[in-house]
Amino acid sequence: MEIFTLGRWVVLPGCEDEFIDAWRQLGAFFGTLEHPPPAGTGVLVRSLDDPSLFYSFGPWDDPAHVAAMRAHPEAAERIGAVARLCAEATPGGYEVVARA
């Protein structure tokens with residue numbers, strides 16, 4: 001099973017640069033996890049039509065690894081630091097079901 005975390009982020013006006021920095025810090029934190037580490041590099045994209053709309057995604061080896069990451073004592077705090085810069089924050093976990 002191929003697993004990704006995916007987040008939809010609608011950033012508060014004027015907070016876009018701070019959000020990008022906070023997201024990078026969150027990614028760096030994920031990279032320091034000894035167990036379970038992410039399966040690869042996370043990606044942050046911004047809408048060309050709406051500069052406040054971002055999506056982030058990154059691969060994980062197993063749904064249990066995502067659950068363990070979210071249960072990490074610092075994860076909620078660090079994800080919250082990103083979410084506080086947003087009017088809407090919707091992180092989630094997904095499995096790949098098809099490719100074209």
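Predicted model: local features only at pLDDT ≥ 70, side-chain atom pairs only at ≥ 80, totals over all residues.
User: OK, and what stands opposite Ser-56 in E1's pairing with E3?

Analyst: Strand E1 (residues 3-11) runs antiparallel to E3 (residues 53-60), and 8 bridges join them. In E3, Ser-56 has a residue standing opposite, and that one is Gly-7.

User: How many residues sit between E2 and E3 in their hairpin?

Analyst: These two strands are antiparallel partners. They form a hairpin, and the number of residues between them is 6.

User: Is the pair of Trp-9 and Phe-19 stacked or tilted?

Analyst: The whole structure has 4 aromatic pairs. For Trp-9 and Phe-19, the centres are 5.9 Å apart and the planes make an angle of 55°. Stacked would need planes under 30 degrees apart and edge-to-face over 60, so this pair is tilted.

User: How far apart in sequence are the parts that this pair ties together?

Analyst: Trp-9 lies in strand E1, while Phe-19 lies in helix H1, residues 16-32. Trp-9 is buried at 3% relative accessibility, and Phe-19 is buried at 0%.

User: Which residue joins Trp-9 and Phe-19 in one aromatic cluster?

Analyst: Trp-9 and Phe-19 already form an aromatic pair. The cluster has one further member besides those two, and that is Phe-54.

Definitions and conventions
Residues numbered from 1 in each chain as written. Heavy atoms only, no water. Pairing = 2+ DSSP bridges. Helix = DSSP H or I, 4+ residues; strand = E, 2+ residues; numbered from the N terminus. Phe/Tyr/Trp six-rings, centres within 6.5 Å; stacked < 30°, edge-to-face > 60°. Buried < 20%, exposed > 50% of the residue type's maximum accessible area, 1.4 Å probe, protein only.
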